[in-house]
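Subject: Handover of a structure and notes on it

Dear colleague,

Please find the structure below, followed by my notes on what was found in it.

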Amino acid sequence: MLRAGADQHWSEYESTLIPAGTAHELDPQQGWCAVIYSDIHVPRWQAMQPCPGQPPLKGLAECDGLKSSLQKLIQAQTLDADLQNQLSAALTKSLGTAPKNFNRMQQALRAHLQEHGELNLNALASHMNLSSSRVQHLLMQDLGLSYKRLQHWVRFRSAMQEIENMRSLTDAALEWGFSDSSHFSNAFRTMFGISAREAGITGDRLRLWPLTE
């Protein structure tokens, strides 16, 4: 079940594409729910190019193939080459091939994060020869999300890698800019639509499976 944006009504989805920056809540209804994210500055699939203002898309092509691959991944607990190929093929059929062109904001973010690893508004603005306020405006205009939300996403990626390596939630949260574990948990629910506990964000349960090229 999903509710998104200003709509307070729950709707049932078997699969959906939720644009970056869209506030949403998920309810797995005591079942399982797989969520796949793509960096907005280098989206892996054409359908994940920024579309500010677009509502969630209900129903993806090749949904059965996605479900089959993800169920195998959950059971196997490891992403071997065959399973990665199956999952990548299903995602490409659902979301299209990788986009060939990126806008100015995406290109600047990619260069900035490759150099710094962390997101810094003043450094990004300096790199683009723009004011900080102009950069924040372009983030909303071109990517459809705020600087704060993008910053949280970058920090979550790094913090969850630390947690997977058996760091405590509190230690990882503090290292990556969250004031405490409660701040991390509240920001996590805002970002992902589900609590960190429901998502299994603990040292012995968290598994990250990045798709390689």
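Which side chain does the side chain of Q49 join in a polar contact? The side chain of Q49 is joined to that of Q106 by a polar contact of 2.9 Å (a pair of N or O atoms within 3.5 Å; within protein, one must be able to donate a hydrogen and the other to accept it, and residues adjacent in sequence count only if both atoms are side-chain atoms).

Before the remaining notes, two points on the basis of the values. This is a predicted model, in which local features need pLDDT of at least 70 and side-chain atom pairs count only at pLDDT 80 or more, while totals for chains, interfaces and linings use all residues. Residues are numbered from 1 along each chain as its sequence is written, and side-chain values use heavy atoms, with hydrogens and water left out.

Q49 is placed in the loop between strand 3 (24–26) and strand 4 (helices, H or I of at least four residues, and strands, E of at least two, are DSSP runs numbered from the N terminus). With a relative accessible area of 15%, Q49 is buried (buried means under 20% relative accessible area, exposed over 50%, and partly exposed in between, with a 1.4 Å probe and protein chains only). Not counting residues up to four places away in sequence, Q49 touches P43, P99, N101, F102 and Q106 (contact means heavy atoms within 4.5 Å).

Helix 4 and its partners

The buried residues of helix 4 are L121, L124, A125 and M128. Seen down the axis of helix 4, these residues fall within an arc of 100 degrees, so they line one face of the helix (the arc is that of the directions from the helix axis to the C-beta atoms). They pack against helix 3 (104–116), helix 5 and helix 6. On the other side of helix 4, N122 and S126 are exposed.

Both ends of this helix deserve a remark. At its start, a side-chain oxygen of N120 comes to within 3.1 Å of the backbone nitrogen of N122. Just after helix 4, N129 takes a positive phi of about 60 degrees, although N129 is not a glycine. N129 lies in the loop between helix 4 and helix 5, and at 70% relative accessibility it counts as exposed.

The axes of helix 4 (residues 121–128) and helix 5 (residues 132–143) come within 9 Å and cross at roughly 90 degrees (axes are lines fitted to C-alpha atoms, for helices over the stretch in contact, and angles run from 0 to 180 degrees between N-to-C directions). Helix 4 and helix 5 are therefore roughly perpendicular to each other (a term for angles of 65 to 115 degrees). In this contact, L121, N122, L124, A125 and M128 of helix 4 meet S132, V135, Q136 and L138 of helix 5.

Other residues

E62 also has a positive phi of about 60 degrees although it is not a glycine. E62 is found in the loop between strand 4 (57–58) and helix 1 (63–76), and at 35% relative accessibility E62 counts as partly exposed.

H152 lies in helix 6 (residues 147–164) and is buried, with a relative accessible area of 12%. Leaving aside neighbours within four places in sequence, H152 is in contact with F178, H183, A187 and M191.

Yours sincerely

Key. Parallel < 35°, antiparallel > 145°, perpendicular 65-115°, else oblique.
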